[in-house]
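Here are my notes, as a colleague, on the model you sent over. Have it open while you read, and go through the points in order.

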Amino acid sequence: CAGCGHVAFPARLVCPACRGTKHTAVILDPAGKVLTFTVIHVPPAEFKGQAPYVLAVVELADGVRVTCQVADVDPAAVKTGMPVSLEFRRIQEDGEAGVIAYGHKAVPA
């Protein structure tokens, strides 16, 4: 937010802190840590082939919190406070249309 400096992810039209409407884009530091997590054993149909997988709330160095999957690690090895880094990766593929969705995943730092 250009008015108060609040950083929101994803970007918002109205600042949740001061209600301002003027914003500046910032590049977030991808380094962070796991605040809390859960292991998904019974996923929705789109993620059936990925179970079990970890879904976590990650706090980035900038203070921004992101909910995302934790990849490239055994679910039993994920711990609160674990250092991670965000990467842009394939999230899912729509079977009928073949549309591939990409987004952020956390990986061990």
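**Notes on the model**

1. Let's start with arginine 65, which is exposed because its relative accessible area of 53% is over the 50% cut-off. Keep in mind throughout that this is a predicted model. Arginine 65 forms a salt bridge with glutamate 59, and the closest N and O atoms of that pair are 3.4 Å apart. Arginine 65 also turns up among the contacts of valine 58 once that residue's neighbours within four places in sequence are set aside.

2. How many salt bridges does a search of the whole structure find? Three. Besides the pair above, there is one between the side chains of aspartate 72 and arginine 89, at 2.6 Å from N to O. That pair links distant parts of the chain: aspartate 72 sits in the loop between strand 3 and strand 4, arginine 89 belongs to strand 4, and 17 residues separate them. Glutamate 87 forms a salt bridge with arginine 89 too, with 2.9 Å between the closest N and O atoms. Through shared partners, Asp72, Glu87 and Arg89 are joined into one network.

3. Arginine 89 is partly exposed, with a relative accessible area of 25%. Glutamate 87 is partly exposed as well, at 34%.

4. Next, the backbone. The loop holding aspartate 72 runs between strand 3 (65–70) and strand 4 (83–93). Arginine 19 also has a positive phi, near 70°, and is likewise not a glycine. Where is arginine 19? In the segment before strand 1. The side of the story that concerns accessibility is simple: arginine 19 is exposed, with a relative accessible area of 61%.

5. If you check omega angles, look at two prolines. A cis peptide bond joins phenylalanine 9 and proline 10, with omega at about 0°. Proline 10 lies in the segment before strand 1 (31–40). The peptide bond from alanine 51 to proline 52 is cis too, and here omega is near -5°. Proline 52 is found in the loop between strand 1 and strand 2 (53–60).

6. Now the inside. How many residues are in the largest nonpolar core? It has 14, and those with the most contacts inside it are Val58 and Ala106. Strand 2, strand 3 and strand 4 are the elements that give two or more residues to this core. The largest share, four residues, comes from strand 2.

7. What does valine 58 touch, leaving aside its neighbours within four places in sequence? Its contacts are Gly32, Lys33, Val64, Arg65, Val66, Cys68, Val84 and Ala106. Ala106 is therefore both a contact of valine 58 and, along with Val58, one of the residues with the most contacts inside the core, where joining is through side-chain atoms within 4.5 Å.

8. For the overall picture, the secondary structure comes to zero helices and five strands. Reading from the N terminus, the elements run β-β-β-β-β. The C-alpha atoms fill a box of roughly 45 × 35 × 20 Å, taken along the principal axes. Of the contacts with a separation of 6 or more, 40% are between residues 24 or more positions apart.

9. Last, surface and charge. Of the 109 residues, 27% count as buried. The protein exposes about 7,000 Å², and carbon and sulfur atoms supply 56% of that area. There are 10 positive and 10 negative side chains, and the centres of the two sets lie 8 Å apart.

Conventions:
Residues numbered from 1 in each chain as written. Predicted model: local features only at pLDDT ≥ 70, side-chain atom pairs only at ≥ 80, totals over all residues. Heavy atoms only, no water. Buried < 20%, exposed > 50% of the residue type's maximum accessible area, 1.4 Å probe, protein only. Salt bridge = Lys/Arg side-chain N within 4 Å of Asp/Glu carboxyl O. Contact = heavy atoms within 4.5 Å. Areas by Shrake-Rupley, 256 points an atom, 1.4 Å probe, with all protein chains shown as cover. Lys, Arg positive; Asp, Glu negative; His and termini not counted. Charge placed at Lys NZ, Arg CZ, Asp CG, Glu CD.
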